[in-house]
Structures are given as C-alpha cells and as structure tokens.
Amino acid sequence: MTVDEALRLNAKRLSLCSSTPRLDAEVLFSYVLGVGRATLLAHSDEPVSGDDLTLFELLIGRREKGEPVAYLTGHKEFYGLDLYIDASVLVPRPETESLIEACLQLIANNESSQFADIGTGSGAILVAVGVNRPGLRLYGVEISADALRVARINCNRHGLGERVTLYQGHLLEPLLGKMNIIAANLPYVPPDEASPDVATWEPNVAVFGGGKDGTALIREFLAAAPDYLLPGGGVVMEVAHSQGQSVARLAHETFPLADVEVRKDLAGYDRIVVIKT
C-alpha cells in the first residue's frame with residue numbers, strides 16, 4: 001500500500017467522526033513516519049511498511065472513538081508555536097488566537113508590564129504572549145497540578161525561563177501583587193452544551209464553568225479582578241459565543257468607569273471581552 005492509498009482509506013474511516021478527516025489522517029501519518037506533512041505528500045506514491053501502517057491504523061482507530069489528534073501526537077500548533085499537549089489539558093482552540101491578538105495590542109507600548117494568565121492550562125496563552133513580548137514578566141495560575149506540569153514544559157520549550165512564575169491555585173488568589181494585564185480563558189461551557197467528544201476526552205475541570213449558564217467562574221473572577229489590577233491596566237477574557245454581551249454587562253458592573261469592548265473571534269462570534277481601565 002502506498003502513502004496516498006493509506007491516507008485515502010483512513011481518511012474515509014474518519015469521515016463519520018471528524019469534520020477534517022483528511023487533515024487528521026495526514027497529521028497522524030506524518031507523526032507515525034516522523035516527517036512534516038509537506039514531505040509526506042511529496043512522497044505519496046511510496047510504499048508503506050507493515051509496522052508503520054499498523055501504528056497508523058491503531059491511531060486512526062483511537063481517533064474514530066473521538067480522541068483528539070493533539071492527544072494522539074502530543075503536539076498542537078497554536079499561534080505559530082509548537083506546544084506539547086496531553087490529556088490533562090484542554091486542546092488549544094483557534095478562537096483563542098483572537099485573545100492573543102487583544103492581549104498583544106494592550107501591551108504593545110508597555111514592554112515592562114506584569115502579565116498574568118489565569119487558568120493557564122497548557123500555557124498556550126502565556127507562551128504566545130511571552131514569546132511576542134520579550135520584556136514582560138509572566139505569571140500563570142492553574143488549579144490542576146497535571147496541567148501546570150504541561151504549562152511548565154511549554155514555557156521551557158519556548159525559552160521563557162526565569163521570566164515565568166507558575167502558581168497552583170484558584171483563580172487570582174495565588175498572585176502576590178497587582179498586574180498590568182490579566183488574561184483569562186476560564187471554563188465557560190454550560191453543563192448541557194459540551195459536545196460528547198469534549199465531555200468524554202478533555203478534562204471537565206477545564207471545560208465546564210459552573211452554574212446554569214456556565215458563567216459561575218467568570219463571575220467569581222470578575223468580582224475579584226479589580227483588587228489585582230494596576231491603575232490603567234486591562235483584562236482580556238475569552239467566553240462562549242453566546243456569552244459576550246452578558247459578560248460585558250458584568251464587566252461594566254465590576255468596572256463602572258472602564259471601557260468594555262466585545263470583539264469577534266475568527267469565526268465571527270462575540271468571543272473576546274476586553275476591559276480597559
């Protein structure tokens with residue numbers, strides 16, 4: 001069997017469980033062969049060894065059951081960066097790149113700022129902001145010890161080193177001082193809205209935000225945020241596509257003198273809430 005034949009056959013297997021079956025098959029086969037996708041496709045007419053085909057089909061079988069590709073390969077590209085990912089963290093989503101853009105805009109002219117990422121998970125936000133703003137002092141807070149381990153791996157992988165302090169704890173409580181910018185991509189999914197694959201495979205502590213509408217943690221975070229923000233600072237939050245306006249109203253109540261803006265993500269949903277004090 002050639003590379004192309006194996007890809008076509010296994011992409012067809014994934015067509016019932018994935019919205020991107022061909023891409024998933026290419027990523028998994030590239031991982032098995034230890035090559036990039038461009039190299040894989042450039043050698044599509046070459047034969048596949050029995051061992052490589054067996055491992056590829058094993059991974060395809062796991063993907064058919066809904067397991068995320070990032071968990072199968074241990075990698076996920078986010079904001080142009082290669083991140084280590086395992087089942088203890090939420091897989092970074094493309095919509096979160098809009099949060100990165102908002103953070104970078106807020107700190108474009110203040111390279112010596114203190115930046116905190118609350119609910120850091122894999123460290124995707126912390127790493128993306130830190131790499132693009134090399135003068136920042138960085139702080140990440142995460143309640144899960146296993147997720148914090150992944151965040152530390154990614155911070156080290158991308159050379160953030162002594163610029164980063166990671167805390168295990170709840171929301172803002174571990175922070176010892178006030179920040180210029182606080183980012184928060186907290187769990188926000190209502191209890192009955194997660195897809196079966198997400199609910200089954202990804203850590204529930206990183207998915208469900210509590211309360212009937214999924215905003216319990218967001219409300220708790222906003223109530224505490226003024227005590228951790230320096231004058232003239234800002235808060236950037238990612239929320240569910242249906243929560244943008246309601247979270248903006250909560251932000252106005254907490255920061256009555258602030259400029260509160262709801263921005264759309266790459267898909268056009270009200271996803272990013274930006275608070276400028």
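These questions and answers go through a predicted model of one protein.

Q: How many helices and strands does the protein have?
A: The model is predicted, and its secondary structure can be counted by element type. The protein has eleven helices and nine strands.

Q: Which radius of gyration does the protein have, and why does it agree with a compact globule?
A: The C-alpha trace spans about 65 × 40 × 30 Å along its principal axes. A compact globule with 277 residues would have a radius of gyration near 19 Å, so the protein agrees with this, at 20 Å.

Q: What percentage of the residues in the protein are buried?
A: A residue counts as buried when its relative accessible area is under 20%. Of the 277 residues in the protein, the buried ones make up 51%.

Q: What share of the contacts between residues at least 6 apart in sequence join residues at least 24 apart?
A: Contact here means heavy atoms within 4.5 Å. Among contacts between residues at least 6 apart in sequence, the share that joins residues at least 24 apart is 65%.

Q: How many Å apart do the centres of the positive and negative side chains lie?
A: The protein has 24 positive side chains and 36 negative ones.

Q: Why is helix H7 largely enclosed by the rest of the structure, and which of its residues are buried?
A: Helix H7 covers residues 124-132, and seven of its nine residues are buried, so the helix is largely enclosed by the rest of the structure. The buried residues in H7 are Ala124, Ile125, Leu126, Val127, Ala128, Val129 and Gly130.

Q: Is Glu26 buried or exposed, and which side chain does its own side chain contact?
A: Glu26 is in helix H2, residues 21-33. Its relative accessibility is 6%, so Glu26 counts as buried. Beyond its neighbours within four places in sequence, Glu26 is in contact with Leu7, Arg37, Leu40 and Leu41. The side chain of Glu26 also makes a polar contact, at 2.8 Å, with the side chain of Arg22.

Q: Which relative accessible area does Leu33 have?
A: Leu33 is in helix H2. Not counting residues up to four places away in sequence, Leu33 touches Leu40 and Asp52. Leu33 is partly exposed because its relative accessible area is 29%.

Q: What distance separates the C-alpha atoms of Ile118 and Leu175?
A: Ile118 lies in strand S3, residues 114-118, and is buried, with a relative accessible area of 0%. Leaving aside neighbours within four places in sequence, its contacts include Val141, Leu171, Leu175 and Phe221. Ile118 and Leu175 are 57 residues apart along the chain, and their C-alpha atoms are separated by 9.8 Å.

Q: Which backbone oxygen does the side chain of Arg163 reach?
A: Arg163 lies in the loop between helix H8 (145-157) and strand S5 (164-168). Among the residues that Arg163 touches, not counting those up to four places away in sequence, are Gly130, Pro134 and Leu138. At 2.8 Å, the side chain of Arg163 reaches the backbone oxygen of Arg133.

Q: Where is Tyr79 found, and what is its phi?
A: Tyr79 is found in the loop between strand S1 (75-78) and strand S2 (81-84). Most residues other than glycine have a negative phi. Tyr79 is not a glycine, yet its phi is positive, at about 55°.

Q: What is the phi of Leu171?
A: Leu171 is in the loop between S5 and strand S6 (179-184). Leu171 is buried because its relative accessible area is 11%. Although Leu171 is not a glycine, its phi is positive, at about 50°.

Technical notes
Residues numbered from 1 in each chain as written. Predicted model: local features only at pLDDT ≥ 70, side-chain atom pairs only at ≥ 80, totals over all residues. Heavy atoms only, no water. Helix = DSSP H or I, 4+ residues; strand = E, 2+ residues; numbered from the N terminus. Polar contact = N/O pair within 3.5 Å; in protein donor to acceptor, adjacent residues only side chain to side chain. Buried < 20%, exposed > 50% of the residue type's maximum accessible area, 1.4 Å probe, protein only. Rg over C-alpha atoms; globule rule 2.2 N^0.38 Å. Lys, Arg positive; Asp, Glu negative; His and termini not counted. Charge placed at Lys NZ, Arg CZ, Asp CG, Glu CD.
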